[in-house]
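Trainee: Could you take a close look at one part of this protein with me? I'd like to go slowly through a single spot and what surrounds it.

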Amino acid sequence: GGSMVVDTWTMNDTLSNFGISEDNLSTKIIEGGEHNEQLWREDFAEAYHWLFHSFANEVDEHFYTSALKIVPNPVSGKFMLFDVPDGKSYQLSIFDLSGRIVFASIYNSGEAIEVSDLNPGMYIVEINIGKNLYRSKFIKQ
């Protein structure tokens with residue numbers, strides 16, 4: 001909205017008045033910029049470096065993400081993955097929504113994945129093949 005720039009500077013001043021040092025604040029107003037994903041994507045690397053400068057050297061990896069089809073979904077025991085290149089073995093990881101790996105194994109295309117030991121909830125399954133990342137969500141019943 002029309003008050004976004006003023007509100008941003010107000011927040012900057014509020015944080016500064018609470019004792020947060022200028023070294024720990026970064027405020028950037030982009031002339032003509034809009035509060036949307038396109039602008040955030042364009043400035044992501046800069047923001048990431050500022051936030052995590054103590055351990056991040058550079059962000060230059062470019063991955064191409066594709067969706068996986070999971071059947072059945074929701075799942076209670078086993079599921080199958082579709083839209084993965086056939087005929088090879090890949091590292092498969094399943095994450096909970098906090099980003100913690102809860103399951104990891106070698107996945108051979110075409111085989112079922114057993115998840116009956118997982119607690120009910122939503123999970124993310126990921127297969128990384130070079131610079132291609134295959135990912136999808138599933139619900140464990």
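In which strand does Ile129 lie? And could you go on from there to the aromatic rings and the core?

Mentor: Happy to. Before we start: this is a predicted model, where local features need pLDDT of at least 70 and side-chain atom pairs count only at pLDDT 80 or more, while totals for chains, interfaces and linings use all residues. Residues are numbered from 1 along each chain as its sequence is written, and side-chain values use heavy atoms, with hydrogens and water left out.

Now, Ile129 lies in strand E7 (strands are DSSP runs of at least two E residues, numbered from the N terminus). Leaving aside neighbours within four places in sequence, Ile129 is in contact with Pro85, Tyr90 and Tyr134 (contact means heavy atoms within 4.5 Å). Tyr90 is 39 residues away along the chain, yet the two C-alpha atoms are separated by 7.0 Å.

Tyr123 is buried, at a relative accessible area of 7% (buried means under 20% relative accessible area with a 1.4 Å probe, counting protein chains only; exposed is over 50%, and partly exposed is in between).

On to the rings: the structure holds 2 aromatic pairs (ring centres of Phe, Tyr or Trp, the last by its six-membered ring, within 6.5 Å; planes under 30 degrees apart are stacked, over 60 edge-to-face, the rest tilted). One is Phe79 with Phe138, tilted, at 4.9 Å centre to centre and 45° between the planes. Phe79 sits in strand E3 and Phe138 in strand E8, so this pair ties together parts 59 residues apart in sequence. Tyr123 and Phe138 make a stacked pair, 5.6 Å centre to centre with 25° between the planes. That one links strand E7 to strand E8, across 15 residues.

Last, the core. The largest nonpolar core has 18 residues, and Phe79, Leu81, Ile94 and Phe138 touch the most other members (such a core is a set of buried Ala, Val, Leu, Ile, Met, Phe, Trp, Tyr and Cys residues joined through side-chain atoms within 4.5 Å).

Methods. Helices (H or I, at least four residues) and strands (E, at least two) are DSSP runs, numbered from the N terminus.
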